[in-house]
Amino acid sequence: MKLYFTPGTCSLAPHIVLRELGLDAELRRVRLGADAVVLADGRDYRTLNPLGYVPLLELDDGSLLSEGVAILLYLADLVPQAGLAPPAGTRERVELHRWLTFISAELHKSFSPWLFHPKYGEQAAEVARTRIAQRFALVERHLRDRDFLLGERFGIADAYLFTIADWARATRISLEPYPHLAAYLERVRGRDSVASALRLEKAAAAEQR
Ligand SMILES: N[C@@H](CCC(=O)N[C@@H](CS)C(=O)NCC(=O)O)C(=O)O
């Protein structure tokens, strides 16, 4: 398997999950932009993903899987005994889908592009900040009495929420009103899988390519 990733972006979530599961995957760094390119071989990344975004998973049979949520579910189901996703057909699985959808549609796409591309202007950024504050407040209430989104056990939704909510730092959103969310982020950051994924991505980003 190959994971196409860009340091500091949402591709961190499947990167964390690969490490949680102990799966051996090659990491292929992508430089994003109008001329998105796979750095290892200079390939035009849009020949792999026409919309030019990460993450993208290349399976061993050469087929390509895009969309972060689909990739997370696919990986979790490769190693069901690891328990990163509840079994299909259960109420808990539906709850997992609910959180993945919320993180993708309500949080991820509130941060990006509005807070990462100043060209959209201050008004768009302000709207995004308001939306994120409301959504962080909901997560804060949920995390008051549990360690992870689905209860006491870390799962793929946590890898995704950590990835997106941690952008609060880069976008100067204070976590002071959300002490449970802040504690949760530190709890997740302390996991070996997360720490090692972050280390690798930091080193990759420092390569300045
Ligand atoms: N719907 C996609 C969105 C992925 C996405 O927004 N990726 C961002 C990084 S967090 C990206 O690659 N942006 C570059 C671009 O759109 O050109 C998914 O959830 O996988």
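**View 1. G83 and its surroundings.** G83 touches R153 and F154, leaving out residues up to four places away in sequence; touching, or contact, means heavy atoms within 4.5 Å. G83 sits in the loop between α2 and α3 (91–111). Helices (H or I, at least four residues) and strands (E, at least two) are DSSP runs, numbered from the N terminus. G83 and G155 are 72 residues apart in sequence. In space, their C-alpha atoms are 7.1 Å apart. This is a predicted model, in which local features need pLDDT of at least 70, side-chain atom pairs count only at pLDDT 80 or more, and totals for chains, interfaces and linings use all residues. Residues are numbered from 1 along each chain as its sequence is written, and side-chain values use heavy atoms, with hydrogens and water left out.

View 2. Domain 1 covers 2–81 + 193–206, and domain 2 covers 86–190. These bounds come from an automatic or database domain assignment. The contact takes 17 residues from domain 1 and 17 residues from domain 2. The domain centres, taken over C-alpha atoms, are 20 Å apart. The size of an interface is often given as the accessible area lost when the parts come together. Here the buried area is about 1300 Å². That is the accessible area (1.4 Å probe) that the two parts lose on being put together, summed over both. Carbon and sulfur atoms give 77% of the area.

View 3. How many salt bridges does the rule find between domain 1 and domain 2? It finds 1. A salt bridge is a side-chain nitrogen of Lys or Arg within 4 Å of a carboxyl oxygen of Asp or Glu. The side chains of R93 and D77 form a salt bridge, at 2.9 Å from N to O. On the side of domain 1 that touches domain 2, α1 (12–21), α2 (68–78) and α8 (192–206) each give two or more residues.

**View 4. Around the ligand.** Which residues surround the ligand? They are T9, C10, L32, Y53, V54, P55, E67, G68, H108, K109 and W167, each with a heavy atom within 4 Å of the ligand. A backbone N or O atom of V54 lies 2.9 Å from a ligand nitrogen. A polar side-chain atom of E67 lies 2.6 Å from a nitrogen atom of the ligand. On K109, a side-chain N or O atom is 2.6 Å from a ligand oxygen.

**View 5. Backbone exceptions.** Most residues other than glycine have a negative phi, and most peptide bonds are trans. V54 and P55 are joined by a cis peptide bond, with omega about 5°. P55 is in the loop between β4 (43–44) and β5 (56–58). Another cis peptide bond joins S112 and P113, with omega about 15°. E67 has a positive phi, near 80°. E67 lies in the loop between β6 (64–66) and α2.

Note on methods:
A polar contact is a pair of N or O atoms within 3.5 Å; within protein, one must be able to donate a hydrogen and the other to accept it, and residues adjacent in sequence count only if both atoms are side-chain atoms.
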